[in-house]
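This report describes one protein chain for a reader who meets it here for the first time. Please look at the sequence and the structure before reading on.

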Amino acid sequence: MDSVAYTNDAETMKMPRTRSIDKVSASKAAKVAKTPESELMTVEEYFGILRKRVNDYYDNL
């Protein structure tokens, strides 16, 4: 992609090239190792830990 010249009244302004971002292909995304379900945390466990941290934080204020 080359620079593009835009005209505005009598002035010409050159716009710099923009960087292109490479998208991750579906095959690369599929190769990521997934965590086994036995190691995953339940929603109740997660929010229990979060609730404890929040309560501890406010107790220390």
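## Overview and exposure

Of the 61 residues in the protein chain, 0% count as buried; buried means under 20% relative accessible area, exposed over 50%, and partly exposed in between, with a 1.4 Å probe and protein chains only. The model is predicted, so local features need a pLDDT of at least 70 and side-chain atom pairs count only at pLDDT 80 or more, while totals for chains, interfaces and linings use all residues. Residues are numbered from 1 along each chain as its sequence is written, and side-chain values use heavy atoms, with hydrogens and water left out.

The accessible surface of the chain amounts to about 6800 Å², and 54% of this belongs to carbon and sulfur atoms. Such areas come from the Shrake-Rupley method with a 1.4 Å probe; for residues, only the protein chains shown count as cover.

## Elements and confidence

The chain has two helices and two strands, which follow the order β-β-α-α from the N terminus. Helices (H or I, at least four residues) and strands (E, at least two) are DSSP runs, numbered from the N terminus.

The predictor's confidence in each residue is given by pLDDT, from 0 to 100. Its mean over the chain is 77, and 56% of the residues reach 70 or more. Where pLDDT is low, the predicted coordinates should not be read in detail.

## Side-chain contacts

The structure holds one salt bridge, a term for a side-chain nitrogen of Lys or Arg within 4 Å of a carboxyl oxygen of Asp or Glu. It joins the side chains of Lys52 and Asp56, at 2.9 Å from N to O. These residues are four apart in helix α2 and therefore separated by about one helical turn. Lys52 is exposed, at 53% relative accessible area, whereas Asp56 is partly exposed, at 32%.

Two aromatic pairs are found in the whole structure. Rings of Phe, Tyr and Trp (its six-membered ring) pair if their centres lie within 6.5 Å; planes under 30 degrees apart count as stacked, over 60 as edge-to-face and the rest as tilted.

| Aromatic pair | Centre to centre | Angle between planes | Arrangement |
|---|---|---|---|
| Tyr46 and Phe47 | 5.1 Å | 80° | edge-to-face |
| Tyr57 and Tyr58 | 5.3 Å | 80° | edge-to-face |

Tyr46 is partly exposed, with a relative accessible area of 44%, and Phe47 is partly exposed at 44%. Tyr57, in helix α2, is exposed at 51%; Tyr58 is exposed as well.

## Nonpolar patch

A nonpolar surface patch, with about 1000 Å² of accessible area together, includes Tyr46, Phe47, Tyr57 and Tyr58, and among its other members are Met41, Val43 and Leu61. Patches are made of residues with over 30% relative accessible area and no salt bridge: like charges are joined within 9 Å, nonpolar side chains (Val, Leu, Ile, Met, Phe, Trp, Tyr) within 5 Å.
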